[in-house]
Amino acid sequence: MQPRYTSTRAHWPTKGRARFSLVEGMASVLILVLALHFCPSAAAAAPEHPLPDVQVQALKDLYESTNGDDWHDNSNWMHGDPCAREWYGVQCTLSVSLVMNVHVLDLSSNNLVGSLPESLADLSQLQFLYLNLNELRGPVLPPALFRMAALQKLLLGSNLFEGAIPESIGNLTSLQFLDLSLNRLEGTVPAALYSMHSLTNIYLDNNRFEVKPGHFQGGLSGSISDDIGRLANLTVLHVNMNRLAGTLPPALFSLSALTDLFLGANQFTGTLSNDIARLTALQQLDVSETKISGTLPSKLFTLTDLSYLNVGLNRFTGTVPDGLENMSKLTELHLNSSPDPHVKEHLSGTLPAAVFRLSRLQYLYLSDNKFKGSLPSTVSADLPDLRLLDLSANTLRGTLPADIFRIAHLHTLYVDDNMLSCHLHLLLDTLYSSSSLPCSYSPLSLARVLFLSVVLCFFSSSLFSSSLMRFLVGYFDSCGVCVPLLVLLLVTLGFLCCKQRHAPSTLRKRAKVCPHGWQVCNQLILWERVRHIPAAE
């Protein structure tokens, strides 16, 4: 029989080992906590799938070549793995072969200054590149970037790129969205662009830039090829503000998916044909400021989904075609002609009554035509959302309705150079009684009212007519302006301005003081209502 102490001795090492394991475990936990607290980097283990070195280097090259230290946001850049550390603007995906790749690089509006490095092309799986709204310079794309066949969206707009768009852009066979607008590009539209069948959005606009008032440089030139008809998926085409010329290709009107077509501020010639009606999905159309002539197409107003239509500043003649009343979605309409005295082509006929039934209109431009007729007396009810109305330089007659000043959002009205009469007492009564004429306390707004005062004193038979005084005193008093000071100011204006023999000759020509407050507004009736927008808005 074995001694009893054997069992005791046999169990003693087990208890010791248990106690030691407990102490050892507590020490390990304590060490780990201290390590995490004092050495945070210890918590960041090496990523299981790090970004390949060649792509990391491409991102670092971009940082160095575009002054990354001065970016608006460079969070985590140049530290650790770009994907694991989530460098600002970098998004990664893991391929089926378990290789990490950058697939989104979004550094738009981030103060990138400099040029794009050739190594950027090493981001071979990049699908979305957003570098717009920066100050990038140099050629529009370094040649190496055309190896990025996976690109679907390329946004380089609002930079300082120069030169021509290279033919090698056609290598970007997956590209759907191309934005090269607001740069300084020149040359013709590359033929390769018309073979990029995946394109849905093209922005090449505003590459003609103003170096000094009235003097422009840059801009794409040449013509739009009939091959554009091959871009069957195209929904948006912006080529406005360039130097494109020639006639509009017939194939352009076969792009039935187009919703936005901007061709304005170019040198296109010829006519605008009825084929425009084939673009049934159009929501915005701009063919303004070109040399297109002839009559407006009779089917123009069959495009009933249009919310924006600008065919102004061209050389159209004839009358406005029927169907305008069907354009119920229009919020902005430009039918104005060129104010250039050397341009003799203008729209004519009776002012289209249908335009005053487009209840969603906010901006209406009908100036520099030969429209005749008069304004309806219920403009405020017919166009309740109107912000701007330009009827200047026509042959309109009748009375300017005081109702027009009741439009709540109207801030600009041009009716000069017509034969409209206006009764100051009615207009001033309307202004004075309007509860929608809050004052703004800015010096500019007060200056505008002073300007209105000077203009009205020329149009009034008496500076101190009751309506005029009531309006001005009420307005300035509500703005906290000392009324005695106002009276002194008005007296001064009365002596300096309202006697025709003291008025400047240019203003004497612009105003005919008539008995009983009636006058012919044949040069100037400009009225701007200054609205105070609450801070909450």
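## Cavity lining, cross-links and selected loop residues

By class, 10 nonpolar residues line the second largest cavity, with no polar and no charged residues among them. The structure is a predicted model. The residues that line this second largest cavity are V189, L193, Y194, I202, L204, I224, I228, L231, L237 and V239. The space in the second largest cavity comes to about 80 Å³. The count of cavities of 30 Å³ or more is three.

**Disulfide**

One disulfide is found in a search of the whole structure. A disulfide is a covalent bond between the sulfur atoms of two cysteines. Here C83 is joined to C92, with an S to S distance of 2.0 Å. The link of C83 and C92 is left-handed, with -80 degrees about the S-S bond. The two cysteines fall into separate accessibility classes: C83 is buried because its relative accessibility, 16%, is under 20%, whereas C92, at 23%, counts as partly exposed.

**Salt bridges**

Side chains of opposite charge can pair when their charged atoms come close. The count of salt bridges in this model is three.

| D122 | R147 | 3.8 Å |

D122 and R147 form a salt bridge. This pair links distant parts of the chain, 25 residues apart, with D122 in the loop between β3 (113-114) and β4 and R147 in the loop between β5 and β6 (153-155). D122 is partly exposed at 27% relative accessibility, while R147 counts as exposed at 53%.

K329 belongs to the loop between β20 and β21, and D305 to the loop between β18 (293-295) and β19 (308-310), so the pair ties together parts that are 24 residues apart in sequence. Both residues are partly exposed: K329 has a relative accessibility of 37%, and D305 has one of 33%.

**V320 and its contacts**

V320 is placed in the loop between β20 (315-317) and β21 (332-334). Its relative accessible area is 15%, so V320 counts as buried. Beyond its neighbours within four places in sequence, V320 contacts F301, L335, L347, S348, P352 and F371.

**Positive phi values**

Two loop residues other than glycine have a positive phi. For L133, phi is near 60 degrees. L133 sits in the loop between β4 (128-130) and β5 (135-139), and its relative accessibility of 47% makes it partly exposed. For D417, phi is likewise near 60 degrees, in a residue other than glycine. D417 is found in the loop between β27 (412-414) and β28 (419-423). With a relative accessible area of 35%, D417 is also partly exposed.

Key. Residues are numbered from 1 along each chain as its sequence is written. This is a predicted model: local features need pLDDT of at least 70, side-chain atom pairs count only at pLDDT 80 or more; totals for chains, interfaces and linings use all residues. Side-chain values use heavy atoms; hydrogens and water are left out. On a 1 Å grid over the protein atoms alone, a cavity is a set of points where a 1.4 Å probe fits but cannot get out, and a pocket is an open set with protein on both sides within 12 Å along at least five of seven lines; lining residues have an atom within 4 Å of a point. Grid points are joined across faces, edges and corners, and a volume is the space filled by probe spheres set on the points. Ala, Val, Leu, Ile, Met, Phe, Trp, Tyr, Cys and Pro count as nonpolar, Asp, Glu, Lys and Arg as charged, and the others, Gly among them, as polar. Helices (H or I, at least four residues) and strands (E, at least two) are DSSP runs, numbered from the N terminus. Buried means under 20% relative accessible area, exposed over 50%, partly exposed in between (1.4 Å probe, protein chains only). Contact means heavy atoms within 4.5 Å. A disulfide is a pair of cysteine sulfur atoms within 2.5 Å. A salt bridge is a side-chain nitrogen of Lys or Arg within 4 Å of a carboxyl oxygen of Asp or Glu.
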